[in-house]
Structures are given as structure tokens and as C-alpha cells.
Amino acid sequence: SKEKFDAIVVGAGPSGNAAAYTLAKAGLKVLQIERGEYPGSKNVQGAILYADALERIIPDFRDDAPLERHIIEQRMWMLDENSFVGSHYRSDDYNKPPYNRYTIIRAQFDKWFSGKVREAGALLICETTVEELILDGGRVAGVRCDRMGGDVFADVVILADGVNSTLARKAGFHSELSPKNVALAVKEILFLPEETIQARFNIGAEEGVVIEMMGSVTEGMVGTGFLYTNKDSLTIGVGCMLADFKANPNRTAPYALLEKLKRHPSIAPLIEGGEMKEYCAHLIPEGGFNAVPRIYGDGWMIVGDSGGFVNAAHREGSNLAMTTGRLAAETVIAAKSAGKPLTAKTLKAYKDALDESFVMKDLKKYRRLPQILESSPQFFTTYPELLNRAAKTLFTVDGVDKTTKQREILGSFTAARRLTGLVGDALKLWKGTR
Ligand code: FAD
């Protein structure tokens, strides 16, 4: 059929659902196309949901969204091979509703979100892959699918197709994904009884803990490990830059890296007995500010992972995805109600709104970080090791006086990095995060 829609949204992850919901809620005629069997079926399980971004789209989401636990404690661990130095932040303020962060199971969450999108009036078609964009004199006029009789047309196509975004690349809006700009993450879900999780992590029913890890776990590659508590399961994973995996083919394979993390003596007791039901690998766009492509044009917009909207330093992705989806939709709604055509000139308002939001402000703040980390493996190797060694020296009572211990610790730092190296590294970190 040659039916025409106000908007076509490609993808039913957090960004596509945010866009489709916002558009449909405003009364626009929306078609959403998802290649998976159902929304969430293709998505990596177990994640942190940041409430704020969703609240701005569905204020009462807490009434029926499938939420696992609200986070009351954040742990940051620096690992060496058999110990860790960590900082924990736990607050009772995080135990008072409305909660700010939750663990979720993505497959369930995406399904729920998609239900809201359909309730709002959007038409969702699953098990259908958009193969290319239909261009009409330089403007995007619609999409070509692998079924449904081919071509569908709309005033605007919103690309919410995730990190690979083959569509934008085919249309020439993107260049190839560079291995320097993507991390490869592997994770799995380990099932454990609710009470066991609560006892091991010192939490009550519905309360949750997040552990972020760096150090020996990534074997010198730029990356981190993570462990989240769900209701009756744990999510554990590790992610490193793809360029680092590629640089050395003899390096431990991603899955073996995760196995090693699971065997770490500080982690093993937390996950012991956990039954693995799911394992998956996925890419994360971590190139930051400088890797964000052009995100709008005549009849098209890019939202979520497809546009590289991930703040890797803070492990935020789905909230940027939902925010970009919402802002793209609001731009379309405003243009339509003003009777404007959806040209690049009109859709630039989307980029302007993003620039004003935390999305671009945060990415800009950390714009130098990816390059700094790439050229500074010491942050992932030397420093975690030194910190663990320092802690051991300090806390081991062995008849050595404290001044000697202090000298030994300082000596180990200057021996590893020299004074100039230490100052240089501090400057790098400051530059990367200021
Ligand atoms: P996606 O969720 O990838 O959705 C894209 C959708 O488009 C998919 O459903 C796909 O099937 C569909 N699609 C793709 N191409 C086509 C096509 N041609 N035709 C039709 N459909 C198509 N973020 C957080 O906020 N918190 C976390 O704790 C967190 N942890 C993460 C852990 C891992 C291991 C990974 C990999 C990512 C994590 N993220 C996290 C990031 C977060 O998952 C992403 O930023 C977010 O999913 C992006 O949403 P999206 O809608 O843009 O893309």
C-alpha cells in the first residue's frame, strides 16, 4: 500500500519507543518497525534504568513498569589479580520514593514500553527489517522493508536502529563505525534466590547494589566490569574497546575475560551458585562527542545509539537514548503544528534542543576522554595495581614502622611512573573530565 505516515520510527529500543510514544501521544500517525520477534527480543538483558529520562515521557511509569530493584548503593572497585580497593556510597535518601535508578531486565522493559507506545496509538510491526531509506531528490521519503510489500512513506523517518545503524551508513549519513569508537561488552544473567542476593549484598527486598570495576579484569585494555543486582538474578559483564581486542588477536577472548572476572576471589563468593540462563555480546558506541555524526537532514533524524549517544564515563546510555528520542519527537510535533515542512532547516531545532540538554553538555564535557584513555593504559593497569599494593602495605601489621611503609608506598608510585608521569597523569584526568 502507498499509505503515508507522519513519521516512521525504525527500531523499538528505548530511543525508538520514546520517539514513537511522544509522537503518537500528540496524535500523529506513527509507524514503528522492529526487526525482532517482539520489542526487546534482540536487546541485551540486565541494565540500569535512570528514572528521570523516562519520567519526562511517562510520568507514572512506576505504576506498572517491570522494575527489578531500586539502587541504594554504588560501589567502585579497582581490582588487581586477587584483591580490590573500593569506595562505596550508600544512602538512605536513595531508599525514599520516588527512586532515581532501578535495575531492569531489558527484554521485559522494552516489551512494557512498547505496550505503552501501542496504547498511545502507534502502529508497530515486528519481525520486519528496514533494508534501506527511500531517497527522493536528496530527502528521505520513506523506508524499504524486507516484507510488508516493500515501500512505506512518511514526512520524517527517525532512525532508532541502534549502534550498527547500517541504514544511516548506506544512505551516506554516517561513516563506517571505527573500532576506536565502540566497546564490545559481554554479559550474562545468573539466577539466585532473592534472599541469597539480599544477604550477600546487605540489602532488603527491592533494594539494589551496583558494582563498577576496573583494573586487572580488562588485562590492560580500556574497559570496565560491572555487576548489578536484579530481583532474583545478577547481571555481570565486562566491556572493552573493540580496537583493543583487535590490536592483539592473542588477547583473552571477551567471554574468557568474563569467566576470569567471575573467578576473581572478590567476585566469586557474590555469584556462587548462580545459574546462567543467558549470555550475550553487544556493541556500545563509546566514541563520545567527537564521534556523534550528523543527526538530522531533510526528512530524517537519528536518535539513541545510532547517533552514538552514550556517556561511557558514567555508564549512561538508555537515558540519552530516551531523551534524544523525546526531543526528536517534540521537534517534529512543533514543526507540524506550525505547518512547517520537515526539512533540515526545520529539524535543526532537534540539534539545538540537544545542545541545550544534558546529553550534549555531558558528551562535550568528556570529549577528550576517549583519546586520553586510549593512550594511557596505565589507568587500567599500573594504578589499580599500585593502589592495591599500597593498601596491602598499609594494612598489613608486620613490625615495619608506618613511616617506612609510607616511604615504600610513595616509592612504588614514583618507581612506576616517576614524578613527572604522576603529575602528567593527574593533568590528563583533569583535562579529560573538566
Ligand atoms: P537499541 O536498544 O539497540 O535498539 C535498537 C532496536 O532497533 C533494536 O530493537 C533492533 O532490533 C532494532 N533494529 C535495528 N536495525 C533495524 C532495522 N534495520 N529494521 C528494524 N529494526 C531494527 N545503558 C544504560 O542506560 N544503563 C545500563 O546499565 C547500560 N548497560 C549496558 C550494558 C551493555 C552490555 C550494553 C551493550 C549497553 C548498555 N547500556 C546501558 C546502553 C544501552 O543499552 C543503549 O544505550 C540503549 O539500548 C540504546 O537504545 P536504542 O533504542 O538507541 O538502541
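This is a predicted model: local features need pLDDT of at least 70, side-chain atom pairs count only at pLDDT 80 or more; totals for chains, interfaces and linings use all residues.
A pair of packed helices is described by two quantities, the angle between the axes and the distance separating them.

The crossing of α1 past α3 is left-handed. On the α1 side the contact involves N17, A20, Y21 and A24, and on the α3 side F113, S114, K116 and V117. By class, the residues of this contact are 5 nonpolar, 2 polar and 1 charged.

I turn now to α1 and α9. Here the axes come within 7 Å and cross at roughly 30°, so these two helices are likewise roughly parallel to each other. In this case α1 passes α9 in a right-handed crossing. From α1, the residues P14, S15, G16, A18, A19, T22 and L23 take part, and they meet residues of α9 including S318, A321, M322, G325, A328, A329 and V332. The contact of α1 with α9 comprises 10 nonpolar, 6 polar and 2 charged residues.

Finally, the core. The largest nonpolar core holds 122 residues, and A7, I8, V10, V157, I158, L159 and M301 have the most contacts inside it. Which helix gives the most to this core? Helix α9, residues 318–337, does, with 8 residues. As for L159, its contacts beyond four places in sequence include V10, L167, A168, W300, M301 and V303.

Note on methods. Residues are numbered from 1 along each chain as its sequence is written. A crossing is left-handed if the near helix is turned anticlockwise from the far one by less than a right angle, and right-handed if clockwise. Helices (H or I, at least four residues) and strands (E, at least two) are DSSP runs, numbered from the N terminus. Two residues are in contact if their C-beta atoms, placed from the backbone, lie within 7 Å. Ala, Val, Leu, Ile, Met, Phe, Trp, Tyr, Cys and Pro count as nonpolar, Asp, Glu, Lys and Arg as charged, and the others, Gly among them, as polar. A nonpolar core is a set of buried Ala, Val, Leu, Ile, Met, Phe, Trp, Tyr and Cys residues joined through C-beta atoms within 7 Å. A residue is buried if 20 or more other C-beta atoms lie within 10 Å of its own, exposed if 12 or fewer, and partly exposed in between; C-beta atoms are placed from the backbone. Axes are lines fitted to C-alpha atoms, for helices over the stretch in contact, and angles run from 0 to 180 degrees between N-to-C directions. Angles under 35 degrees count as roughly parallel, over 145 as roughly antiparallel, 65 to 115 as roughly perpendicular and the rest as oblique.
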